[in-house]
Amino acid sequence: MPGGGQEPGSYYVGVDVGTGSVRAALVDQRGVLLAFADQPINQWEPQFNHHEQSSEDIWAACGVVTKKVVQGIDVNRIRGLGFDATCSLVVLDKQFRPLPVNHEGDSHRNIIMWLDHRAVSQVHRINETKHGVLQYVGGVMSVEMQAPKLLWLKENLRETCWDKAGHFFDLPDFLSWKATGVTARSLCSLVCKWTYSAEKGWDDSFWKLIGLEDFVADNYSKIGNQVLPPGASLGNGLTPEAARDLGLPAGIAVAASLIDAHAGGLGVIGADVRGHGLACEGQPVTSRLAVICGTSSCHMGISKDPIFVPGVWGPYFSAMVPGFWLNEGGQSVTGKLIDHVVRGHAAFPELQAKATARCQSVYAYLNSHLDLIKKARPVGFLTVDLHVWPDFHGNRSPLADLTLKGMVTGLKLSQDLDDLAILYLATVQAIAFGTRLIIEALEAAGHSLSTLFLCGGLSKNPLFVQMHADITGMPVVLSQEVESVLVGAAILGACASGDFASVQEAMSRMSKVGKVVFPRLEDKR
Ligand SMILES: Nc1ncnc2c1ncn2[C@@H]1O[C@H](COP(=O)(O)OP(=O)(O)O)[C@@H](O)[C@H]1O
Ligand SMILES: O=C(CO)[C@H](O)[C@H](O)COP(=O)(O)O
C-alpha cells in the first residue's frame, strides 16, 4: 500500500548491531515496535587500544534476534529488512572467508572495531598530507575511520591479512552483503568513513599519497565500486541461505544499510512535533539535532548547503537524510565512560548489592540516591567541587585530538556511596558539557539549532536526559519508541519494499514524539 495506508498491514524487520549487542525489532507501517529482542556480542581487547569482534558471531546473533521477533506472526506480511551497525572494519579473503586482524593469527577475530585506536601513527601521517579529502571530515581524520586502519593492516599484517584480503567492508555493508550476496556499499558508510564523495566518487590521489595505491590499481573492487543510497533495494532481496539463517522469508526486500548513529537520526529527526510547545515547530528540520547516545554519543545535524565545522566530521552529502548535508559531532566514549567510572569505584560492590536488593539497575539506584543527598538544592549543585574531563578515549569533536586523556579534580580520601554518586553525576554533566561544546562549534559555523532529539541506551537514563536539557538550555525530545535506532533500520526496510516513496516520507510517518524534557533554566548556573 504505497504511502502507508490506514491499516498497518505490512511489517518490516530492523536489525541494529551496536557495540555491545545486536537488537532486532518487528515494526509496522506506523513505526510501532511489535516485538523486540537483543543478544550480547563478544568483544576482544588483545592489547590496549586494540578492539576486535567476529563477523561470524555477529551474523549468528542477528539470526537469534530476528527469529525471536517474528515468532508467531504471519511472515508473509514482512515486506522489508533493514540493517544498521557500528562503523567497524570487516576483513574477508577472496572467497569471503574471515581473515585475522591480529598478531595472533586468529581469523575468527576479523573485525577492527570502530573504537580501536591502534592506527595512531598511520592517522598522524594521513593528517600530515593535508589532502583535500580531509576538509570533509572536519579538517582532521579520526583514528576511528577506515583509511588509517587499512594502512595499519598493510604495514603490520602484510602476509597473514593484507595480501590475502579480497573484501574490506564497513560492518553495515557486510550485513547487507551477507543477506543478499550483493557487494554494493552504502553511500552512508563510504562517505562518512572511507573518504568517498557523493559527487566525485573516490579520489585516486588520496589513496596514492597515503600508500594505499593498491585500491586504485584494482578500481576499488576491494573497498567498493558500486555505491547505493541508504534504503535502496539490493539485488533479488534476501537469499534462501540468509533466509534460513535469519528465519525470514526468502526474497523479501533488503535495503542498503546505514551506520547505527545515522539510523538513529532517521528514527527521530523527522517526527511531527506539533502541539508540544517546541521551538522547532514550524521551523525547518535543520533546526533539530539528533543525539544518539550508546557506548558513544553521535551528534547529527543537517543542512541544505555544506557547512564546514572545524573538528566536526562532514559535511557529508546525502549520508543520512537524502538531499541534505550532514555534520556529525561525537564523543567516543559516553555510555562506556559512565560504566567505567561507576564499575571501577571502591563503592561499586555496595551499590550493586543495594540496587539488587531493590530490584533496580545501578543507575536507577544512583539517581534516587542523588535525590536523597541533594536535600533542598538542585541536584546539579552537588558537583560544585568535583569536575570530570571526559576525554578518557581522546576527543572526537570539536577538539579532534586523540591524545587527550580524562581527568577528575576535587577528589577526597573518602570513597563511599555518596562519593560514587557524585562522581557519576559529574561524569554525566561532563558528557553533557561535551555536547554543549559541539553545539557551540556547529552554531559558530552556521547551524541554527533549537531542539535535541535523543535516543540510544543512555536516553533511558532520566538524569542523563535532564542534564543534557539543563546544560545545553535546549528541550530534549524522546521518541515514542525507545528503540528509535531500530525504527531507523525498519525505515530502510520499508523504503526498500517500495511501500514508501522516499526516506523522508517513511521518516515522517514512522517516527513519533514521546516525551519532551524541558531545561530547568533556573538551575543552569
Ligand atoms: N536503563 C538504562 N539506564 C541507564 N543507562 C542505560 C540504560 N540502558 C542502557 N544504558 C546505558 O547505555 C549504554 C549502551 O547503550 P546502547 O545503545 O545499548 O549501546 P550500543 O548501541 O553501543 O551497544 C551503556 O553504557 C548502558 O549503561
Ligand atoms: O562512529 C560511529 C558512528 O559514526 C560509530 O558507529 C559509533 O560511534 C558507535 O556507535 P555506538 O555507540 O552506538 O555503539
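User: From which domains does the shell around ligand 1 draw at least three residues each?

Analyst: The model before us is a predicted one. Domain 1 (268-331 + 434-523) and domain 2 (335-431) each contribute at least three residues to the shell around ligand 1. That shell holds 17 residues, and the closest are G18, G294, T295, G335 and G457. Helix α10 (residues 335-343) gives the largest share, four residues. Sorted by class, the shell around ligand 1 comprises three nonpolar, 11 polar and three charged residues.

User: Which residues are the closest to ligand 2, and which elements each supply at least two residues of its shell?

Analyst: Ligand 2 is surrounded by 14 residues, of which T19, T86, G294, T295 and S296 are the closest. At least two residues of this shell come from each of α9 (260-269) and β16 (325-331). The shell around ligand 2 divides by class into five nonpolar, seven polar and two charged residues.

User: Let us turn to helix packing. At what angle do α9 and α15 pack, and how far apart are their axes?

Analyst: Two packed helices are described by the angle between their axes and the distance between the axes. For α9 and helix α15 (residues 484-497), the angle is about 90° and the axes are 7 Å apart. The helix α9 is therefore roughly perpendicular to α15. The contact involves D260, A263, G264, G265, L266, G267 and V268 of α9, together with S484, V485, V487, G488, A489 and I491 of α15. By class, this contact has seven nonpolar, five polar and one charged residues.

User: What are the corresponding values for α12 and α13, and which residues make the contact?

Analyst: Helix α12 (residues 362-373) packs against α13 at an angle of about 105°, with an axis separation of 10 Å. Again the relation is roughly perpendicular. The residues involved are L366, H369, L370 and I373 of α12, and L417, D418, A421, Y424 and L425 of α13. This contact divides into seven nonpolar, one polar and one charged residues.

User: Now the sheets. In what order do the seven strands of the open sheet stand?

Analyst: Strands of a sheet pair through backbone hydrogen bonds, either parallel or antiparallel. The seven-strand open sheet has the order β15-β16-β14-β13-β19-β20-β21, with mixed pairing. Because β15 (313-317) and β21 (513-517) each have a single partner strand, one side of each is left without a neighbour in the sheet. On average, neighbouring strands of this sheet are turned by 25° against each other, direction ignored. Within the sheet, strand β13 (residues 288-293) and strand β19 (residues 451-455) run parallel and are joined by five bridges. I292 has C455 in β19 as its bridge partner. The helix α9 lies across β13, β14 (297-303), β19 and β20 (476-479), at about 130° to β13.

User: Which strands are the edge strands of the four-strand sheet?

Analyst: This open sheet has the order β4-β7-β6-β8 and antiparallel pairing. Its edge strands are β4 (52-53) and β8 (165-170), each of which pairs on one side only. Strand β6 (residues 89-93) pairs with β8 over five bridges in the antiparallel sense, and V91 stands opposite F168 in β8.

User: Finally, where are the cis peptide bonds and the positive phi found?

Analyst: Most residues other than glycine have a negative phi, and most peptide bonds are trans. In this model, the bond from G314 to P315 is cis, with omega near 0°, and P315 lies in strand β15. Another cis bond joins S397 and P398, with omega about -5°; P398 belongs to the loop between β17 (387-389) and β18 (407-409). N219 has a positive phi, near 55°, and is located in the loop between α7 (214-217) and β10 (227-228).

Conventions. Residues numbered from 1 in each chain as written. Chains lettered and ligands numbered in written order. Predicted model: local features only at pLDDT ≥ 70, side-chain atom pairs only at ≥ 80, totals over all residues. Near = placed C-beta within 6 Å. Nonpolar A, V, L, I, M, F, W, Y, C, P; charged D, E, K, R; others polar. Axes fitted to C-alpha atoms, helices over the stretch in contact; angles between N-to-C directions. Parallel < 35°, antiparallel > 145°, perpendicular 65-115°, else oblique. Contact = placed C-beta atoms within 7 Å. Pairing = 2+ DSSP bridges. Domains from an automatic or database assignment.
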